[in-house]
Amino acid sequence: MSDYDQQKIPNEGVGVGYPQKPSPLQSSNHAKKYYTHRNPVKTLCTVLLTLLILAGLLVLIGYLVYRPNEPNFSLAGAAIYELNVTTPPYLSTIMQFTVLARNPNRRVRLDYDQLSALVYYKSQPITPPMMQPPLVQLYRTTIIAAVQNRFLKSCTGQLL
């Protein structure tokens with residue numbers, strides 16, 4: 001035998017010429033080295049992606065539970081009282097409108113903090129804005145609101 005073949009003989013238990021397999025203790029040592037040298041940027045990105053996915057799931061679950069719908073508004077009636085034309089050319093009147101507001105939601109209540117009513121004709125306001133009181137509309141309800149607006153207008157086109 002040559003000198004090279006004699007060097008391979010001590011490793012006969014594993015296989016001729018091959019080094020022995022590492023023991024399980026050595027492989028766990030390798031795992032410790034892997035986790036201690038992990039890239040912090042990669043870890044941060046993984047955590048942020050996980051949080052983003054969880055937040056998206058919470059938003060989806062909230063939407064599926066509440067299923068919000070837009071409220072429906074319709075004009076039920078309109079009336080004009082005391083239409084007067086006086087000199088110099090002024091126009092004064094009292095207008096009353098009846099509005100139906102329907103909340104179709106099962107679990108969402110609507111709070112109207114600021115409501116104002118005004119009348120437009122051909123994209124021009126013909127009444128000044130009238131502030132209305134705040135309104136709370138509960139689940140699946142319909143509210144009938146009567147809005148009365150008094151105005152005095154010059155026939156030259158200016159609100160007084």
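Reader: In this predicted model, does Tyr112 count as buried or exposed?

Author: The structure is a predicted model. The relative accessibility of Tyr112 is 14%, and the cut-off for a buried residue is under 20%. Tyr112 therefore counts as buried.

Reader: What is the geometry of the aromatic pair that Phe73 and Tyr112 form?

Author: The structure holds 1 aromatic pair. The ring centres of Phe73 and Tyr112 lie 6.1 Å apart, and their planes meet at 65 degrees. Planes over 60 degrees apart count as edge-to-face, so the pair of Phe73 and Tyr112 is edge-to-face.

Reader: How many residues apart in sequence are the parts that this pair ties together?

Author: Phe73 belongs to strand 1 (residues 72-86), while Tyr112 belongs to strand 3 (residues 110-112). Phe73 is exposed, at a relative accessible area of 51%, whereas Tyr112 is buried.

Reader: Which residue forms a salt bridge with Arg109?

Author: The structure holds 1 salt bridge. Arg109 is partly exposed, with 42% relative accessibility, and Asp111 is likewise partly exposed, with 40%. The closest N and O atoms are 3.2 Å apart, and the cut-off is within 4 Å, so the partner of Arg109 is Asp111.

Notes
Residues numbered from 1 in each chain as written. Predicted model: local features only at pLDDT ≥ 70, side-chain atom pairs only at ≥ 80, totals over all residues. Heavy atoms only, no water. Salt bridge = Lys/Arg side-chain N within 4 Å of Asp/Glu carboxyl O. Buried < 20%, exposed > 50% of the residue type's maximum accessible area, 1.4 Å probe, protein only. Phe/Tyr/Trp six-rings, centres within 6.5 Å; stacked < 30°, edge-to-face > 60°. Helix = DSSP H or I, 4+ residues; strand = E, 2+ residues; numbered from the N terminus.
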